[in-house]
Amino acid sequence: MTNPHDHHPPQAGVSGHSTKQAYTERSERSETIREAYSRMQHDTKGKASTEFMKNLKNQLRLLFWETTAGCNLECIHCRRLDVSKEIAKDDLTTEESFAFIDSLAETQRPILVLSGGEPLFRPDIFEIARHAIECGLTVALATNGTLIDERLAKKIFDTRIQRVSISIDGADAKTHDNFRKLPGSFEMAIRGINHLTRLGMEVQINCTIAKHNVEQLKDLYELALRLNAVAMHIFMLVPVGCGVQIAEDQMLPAQKYEESLNLFYDLSKNAKIQTKATCAPHYFRIMRQRAKQEGITVSPTTHGMAAMTKGCLAGTAVCFVSHKGEVFPCGYLPVNAGNVKTQSFAEIWNDSKVFHNLRNADLLEGKCGICEYKKVCEGCRARAFYQSGNYLAEEPYCIYEPKIAHGS
């Protein structure tokens, strides 16, 4: 853990040059994911996408910000142990939020995902979104969808939020509602999705995959198609927060984990919508194994954006900022790297020892350390931490045995 430094992040409008100037300077140094994909989507050799995946300059590509701990649901898999039915007193204030966004925008150009809790609980969430967009950031909203009526959908659209991700954790109401602990939440989420898609909003379906719904994976994909979603992202359950309490009951055995990711690979080949496996680093090993069997080169032409990314991105291309301003490698790895209330974001991102460790694949231990796929997988650092207390230890939910372990 790094110690807070004596100075504070720059305040909105107080830095040595304007936000617009900072954005212009920054845009010359970095490229968004969409820009990169647009540039290389017809690349069949995969060399450019491999270089982008390596991310040797540690460009931050996704920042998940827990804008509030407040939420109207109490889902059994939630990473939080202290879900509140109202806005938390220690959420970043509007002023602190603007200062954080300014500090972020002056140094990086990620997609900023406004999450929670339930971000729509915050009365100033649209002010925050507009400020981030004015600073040149791409803004997405991660919500459970239950609060989105026709009026709110129009407000999201008018704010120019680029994409809304909504969690659907069952292909039917019973499965989803049991997991979300709110009767009717499935139908409310579906209504929210429909309000958004009718306006032409990009909607992404997020699914937490565990024992309760693993047999519905194909049905969930078909549901995403029927809902006119542009993407489906699956999240393999991580035993952190409330997830610890249900780990024994809901965590998939390693073999089932492998089978599910192979099925997801089969579904991805339909290429009807974007697909991404998150908190599932093994997928990027499986993708390459399957492509080799099929005689296919992994490239944006054959595998879309999945060819441009890798497994665990915690602290390398992704990070998480809590509602209190704490910075973590991801939302499931509770190892503190700093706090945006007391440090500039650039200082945390560039200088944190935690992040430096995660950016060096040679520090990985156990079979992850000797695996030939470690630079495209890296194992889930959060699951390693859960199992051993060491975020550099080997991934505990992986059946693959590295070739070197067998002398081959």
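Visitor: How many nonpolar, polar and charged residues does the lining of the largest cavity have?

Guide: The model is predicted, and the following description rests on it. By class, the lining of the largest cavity has six nonpolar, one polar and five charged residues. This cavity holds about 120 Å³ of space, and the structure has four cavities of 30 Å³ or more. Its lining is formed by Arg-285, Lys-367, Cys-368, Cys-371, Tyr-373, Lys-374, Cys-377, Glu-378, Gly-379, Glu-395, Cys-398 and Tyr-400.

Several cysteines are among these lining residues, including Cys-368 and Cys-377, yet a search of the whole structure finds zero disulfides. For Cys-368, the closest cysteine sulfur is in Cys-377, at 6.3 Å; a disulfide requires the two sulfur atoms to lie within 2.5 Å, so this separation is too far for a bond. Cys-368 is also buried, with a relative accessibility of 10%.

Two tyrosines of the lining, Tyr-373 and Tyr-400, belong to the aromatic pairs, of which the structure has eight. One of the pairs joins Tyr-283 and Phe-284, edge-to-face because their planes stand at 85°, with ring centres 5.5 Å apart. The rings of Tyr-373 and Tyr-400 are likewise edge-to-face, with centres 5.6 Å apart and planes at 75°. This second pair links distant parts of the chain, 27 residues apart: Tyr-373 lies in the loop between α16 (366–370) and α17 (381–388), whereas Tyr-400 lies in the segment after α17. Tyr-373 is buried at 18% relative accessible area, and Tyr-400 is buried at 14%.

Technical notes: Residues are numbered from 1 along each chain as its sequence is written. This is a predicted model: local features need pLDDT of at least 70, side-chain atom pairs count only at pLDDT 80 or more; totals for chains, interfaces and linings use all residues. Side-chain values use heavy atoms; hydrogens and water are left out. On a 1 Å grid over the protein atoms alone, a cavity is a set of points where a 1.4 Å probe fits but cannot get out, and a pocket is an open set with protein on both sides within 12 Å along at least five of seven lines; lining residues have an atom within 4 Å of a point. Grid points are joined across faces, edges and corners, and a volume is the space filled by probe spheres set on the points. Ala, Val, Leu, Ile, Met, Phe, Trp, Tyr, Cys and Pro count as nonpolar, Asp, Glu, Lys and Arg as charged, and the others, Gly among them, as polar. Buried means under 20% relative accessible area, exposed over 50%, partly exposed in between (1.4 Å probe, protein chains only). Rings of Phe, Tyr and Trp (its six-membered ring) pair if their centres lie within 6.5 Å; planes under 30 degrees apart count as stacked, over 60 as edge-to-face and the rest as tilted. Helices (H or I, at least four residues) and strands (E, at least two) are DSSP runs, numbered from the N terminus.
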